[in-house]
Amino acid sequence: MDNQQSTEFPGGLKDRVAIITGAANGIGRATAHAFAAAGATVELWDLDQEAGDATATAIVNAGGIAGFSRVNVANREQVDEAVASICERHGQIDILVNNAGIVRDGQLVKVKNGEVVKQMSQEAFDTVVSVNLKGVFNCTQAVVPTMISQKYGRILSASSVVGLYGNFGQTNYVATKSGVIGMTRVWARELGKYGITANAVAPGFIATEMVKSIPPKVLEHMVAHTPVGRMGQPEDIARTYLFLAAESAGFINGAVISVDGGSVLGT
Ligand SMILES: NC(=O)c1ccc[n+]([C@@H]2O[C@H](COP(=O)([O-])OP(=O)(O)OC[C@H]3O[C@@H](n4cnc5c(N)ncnc54)[C@H](O)[C@@H]3O)[C@@H](O)[C@H]2O)c1
């Protein structure tokens with residue numbers, strides 16, 4: 001399996017406890033596998049109980065240490081309870097990967113024959129903000145007191161290439177992904193003195209459920225404009241998180257790492 005190669009990575013995660021949000025599927029699942037293979041105890045959070053349980057079981061069957069909890073990152077009470085439970089069971093939280101994310105695409109205002117026929121709803125805007133932006137705030141604020149007391153921590157958050165460059169039909173999503181970069185830079189400044197670093201990863205188009213709704217023609221166009229000539233795989237992002245999560249990455253702080261095959265250069 002591709003992500004198992006990560007065990008050979010020099011920056012291991014032995015004796016580290018990591019929370020990965022949105023870990024039941026896609027990039028989060030690949031990251032959980034990669035971290036566990038590198039020796040971390042992984043706590044998987046997601047809304048999808050069935051897939052979350054299956055992922056945790058697969059990791060344990062492969063010899064890793066993993067547990068799944070049904071946690072909605074937009075719900076602060078659930079986040080706080082889950083953090084308290086991890087502190088009780090493990091006595092430490094070293095790494096947080098703010099990976100959970102959703103899309104609810106639509107144009108700000110769609111016009112046909114001079115008439116407004118559709119617009120992004122309040123609900124679509126608020127829902128995406130509550131998960132992709134407030135969720136990242138919730139989880140980070142909940143774990144940081146523990147990281148400060150340890151004088152060690154790694155906060156990694158999912159931005160996106162569209163958070164850097166914008167994208168048609170994604171006012172809500174782009175706002176959150178740009179917002180994640182802003183929060184990351186604030187946390188890099190506020191928390192560095194405690195041995196805590198904060199970094200964001202900006203993936204290009206990665207082959208997961210999230211991009212399944214994109215028409216094949218559009219995907220072909222994207223691949224054609226990606227210099228490496230392929231879509232990204234979840235493991236491409238997992239390996240980046242693994243690199244940033246290691247103790248050896250301690251001088252990388254407030255960075256936004258693009259992992260997109262050079263797609264932006266190709267447009
Ligand atoms: N796939 C891509 O092309 C791409 C590109 C750039 C950025 N990203 C970002 O990477 C992250 C992971 O994306 P993915 O493609 O693996 O998505 P995915 O849809 O495959 O997985 C996302 C996971 O998050 C979970 N989730 C959703 N809402 C949640 C909530 N409120 N609380 C807890 N868990 C929740 C889902 O159940 C799912 O398991 C997202 O933040 C996404 O915005 C993805």
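The model is predicted.

**Nonpolar core**

- The largest nonpolar core has 64 residues, and the members that touch the most others are Ala18, Phe35, Val42 and Leu44.
- Val42 has 29 other C-beta atoms within 10 Å and is therefore buried.
- Beyond its neighbours within four places in sequence, Val42 is in contact with Ala18, Ile20, Ala32, Phe35, Ala36, Ile59, Gly64, Ile65 and Ala66.
- Ile20 and Val42 are 22 residues apart in sequence, while their C-alpha atoms are 7.2 Å apart in space.
- Phe35, again leaving aside neighbours within four places in sequence, is in contact with Leu13, Ala18, Ile20, Ala40, Val42, Leu242 and Ala245.

**Ligand shell**

- The ligand is surrounded by 30 residues, the closest being Gly22, Gly26, Gly101, Thr208 and Met210.
- Helix H1 (26-37) and strand S2 (41-46) are the elements that give two or more residues to this shell.
- H1 gives the most, with 3 residues.
- Sorted by class, the shell holds 16 nonpolar, 11 polar and 3 charged residues.

**Helix H7**

- Helix H7 (residues 171-191) has 21 residues, which at 1.5 Å a residue should span 30 Å; its end C-alpha atoms are 30 Å apart, in agreement with that.
- The buried residues in H7 are Asn172, Tyr173, Thr176, Lys177, Val180, Thr184 and Trp187.
- These residues are on the same side of H7, because they cover an arc of only 125 degrees around the axis.
- They pack against helix H4 (122-132), helix H5 (134-150), strand S7 (153-158), helix H6 (161-165) and strand S8 (196-203).
- Val186 and Arg189 are exposed and sit on the face of H7 turned away from its buried side.

**Positive phi angles**

- Most residues other than glycine have a negative phi.
- Asp15 is not a glycine, yet has a positive phi of about 70 degrees.
- Asp15 is placed in the segment before strand S1 (17-21), and counts as exposed because it has 10 C-beta neighbours inside 10 Å.
- Asn113, also not a glycine, has a positive phi of about 50 degrees.
- The loop between strand S5 (109-112) and strand S6 (115-119) holds Asn113, which has 5 other C-beta atoms within 10 Å and so is exposed.

Definitions and conventions
Residues numbered from 1 in each chain as written. Predicted model: local features only at pLDDT ≥ 70, side-chain atom pairs only at ≥ 80, totals over all residues. Core = buried A, V, L, I, M, F, W, Y, C linked by C-beta atoms within 7 Å. Buried ≥ 20, exposed ≤ 12 C-beta atoms within 10 Å, placed from the backbone. Contact = placed C-beta atoms within 7 Å. Near = placed C-beta within 6 Å. Helix = DSSP H or I, 4+ residues; strand = E, 2+ residues; numbered from the N terminus. Nonpolar A, V, L, I, M, F, W, Y, C, P; charged D, E, K, R; others polar. Expected span 1.5 Å × (residues − 1). Arc of directions from axis to C-beta.
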